[in-house]
There are 2 protein chains.
Amino acid sequence: MSQALTHRSVGKANNERLEFLGDSVLSLVISTELYQRYPELTEGELSRLRSSLVRGKTLAAVARHYQLGQYIKLGQGEIKSGGVNKSSVLADAVEAIFGAVLLDQGYAFAYTFIAQTMAPWLIKVDPISIQKDAKSQLQEVLQKHGMPLPVYQTIKEVEVKGEIEFHVSCEAEEKQLKTTAKASSRKKAEQASAQKMLDKLDV
Amino acid sequence: MSQALTHRSVGKANNERLEFLGDSVLSLVISTELYQRYPELTEGELSRLRSSLVRGKTLAAVARHYQLGQYIKLGQGEIKSGGVNKSSVLADAVEAIFGAVLLDQGYAFAYTFIAQTMAPWLIKVDPISIQKDAKSQLQEVLQKHGMPLPVYQTIKEVEVKGEIEFHVSCEAEEKQLKTTAKASSRKKAEQASAQKMLDKLDV
């Protein structure tokens, strides 16, 4: 468990490989919980809920909630640059702990441990808002903040292996942000670019 | 198990939700196997090996190997358009089966089932080639086919939330292919664009 709390800035015996395992076991536990809790949601909706739970921002919040920072071992450079408060360092440590618990205690124990650790965030997920598509969500968010509607533009259409790929941009003028995405239809590309914008706005 | 083999073209009781679960359990089984088989690989190298094993192309090969196509239930439209041979349909069915096995039999059984099913591909992974970075791999591939070296260009540098984002393109002239990627350093962006090119070349 000590290795799970050792950042790569310390040296070779660090938590990066455990993080690799932790990322996967976290994903499966969250997937199983969501699958059982929301029998009415589609695969796409479940995926979006899962993303919101396993992303770095959420895991950093988990680490702060359990005051994990004080236990993380960092190299001198990272200590000086305030690494113990960095969201990425905190999120990585959470994943590494999940990986270490899986290795040490097996899947059944790890399942309970992860589900309990993540319970406050699992309870908070909002399956209603996730059922709205990304474009609708983005519109709502911008309107709530009194900002103009996003602008979608088709940048180009490319033929790849006999199939058309639509490249689309989404612009939130007031924020001076632009995202791009490509997909097999214009509608899908617009949704993907809107989702990227939502991620960028971090709301 | 019948539902795992029912494509969404048939109707509402299809395999898409099982696929969501199957994708996660497959990822954890592969992660655990790779973690144990290759104690010397880094997180990044393990991730690349995992990607090569869980991607659609590999899963479609798995489905063809076990002649899964004949058991998949498709809607009339999909049957007419030859859906039973589509790689995406086949890959999705494999994931859905893994999800169904997890639900019906629990994790320990699913682990053995998935590890055995994937064994021929797990044996074939090449940890040496994966240790090479994407740019080196791409160079080798193009040279092997007598094609000119790829060209990397920095498209733009954008400041996002106080951090510079490098947008880079990678062009394989002779194939008339271009990929783009962005990252926090030029080097990382070039590697990412090279990886995308490798995926596109599908070698």
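What rotation, with what shift along its axis, superposes chain A on chain B? The rotation is 180°, with 0.1 Å of shift along its axis, and the RMSD is 0.2 Å.

This is a predicted model: local features need pLDDT of at least 70, side-chain atom pairs count only at pLDDT 80 or more, and totals for chains, interfaces and linings use all residues. Residues are numbered from 1 along each chain as its sequence is written, while chains are lettered from A and ligands numbered from 1 in the order in which they are written.

**View 1. Chains A and B superposed.** The 180° rotation carries chain A onto chain B. The two copies are thus related as by a two-fold rotation axis.

**View 2. The contact between chains A and B.** Each chain is represented: 17 residues come from chain A and 17 residues from chain B. Contact means C-beta atoms, placed from the backbone, within 7 Å. On the side of chain A that touches chain B, helix 1 (16–37) and helix 2 (43–54) each give two or more residues. Helix 1 of chain A gives the most, with twelve residues. Helices are DSSP runs (H or I, at least four residues), strands likewise (E, at least two), numbered from the N terminus. The copies meet through the same surface, because 100% of the interface residues of chain A are also interface residues in chain B.

**View 3. Helix 9 of chain B.** Buried residues here include Ala189(B), Ser193(B) and Met197(B). Buried means 20 or more other C-beta atoms within 10 Å of the residue's own, with C-beta atoms placed from the backbone. The buried residues of helix 9 pack against helix 8 (134–144), strand 1 (151–160), strand 2 (163–172) and strand 3 (177–183) of chain B.

Technical notes. Copies are superposed by least squares on the C-alpha atoms of residues with pLDDT of at least 70 in both. Two residues are in contact if their C-beta atoms, placed from the backbone, lie within 7 Å. A residue is buried if 20 or more other C-beta atoms lie within 10 Å of its own, exposed if 12 or fewer, and partly exposed in between; C-beta atoms are placed from the backbone.
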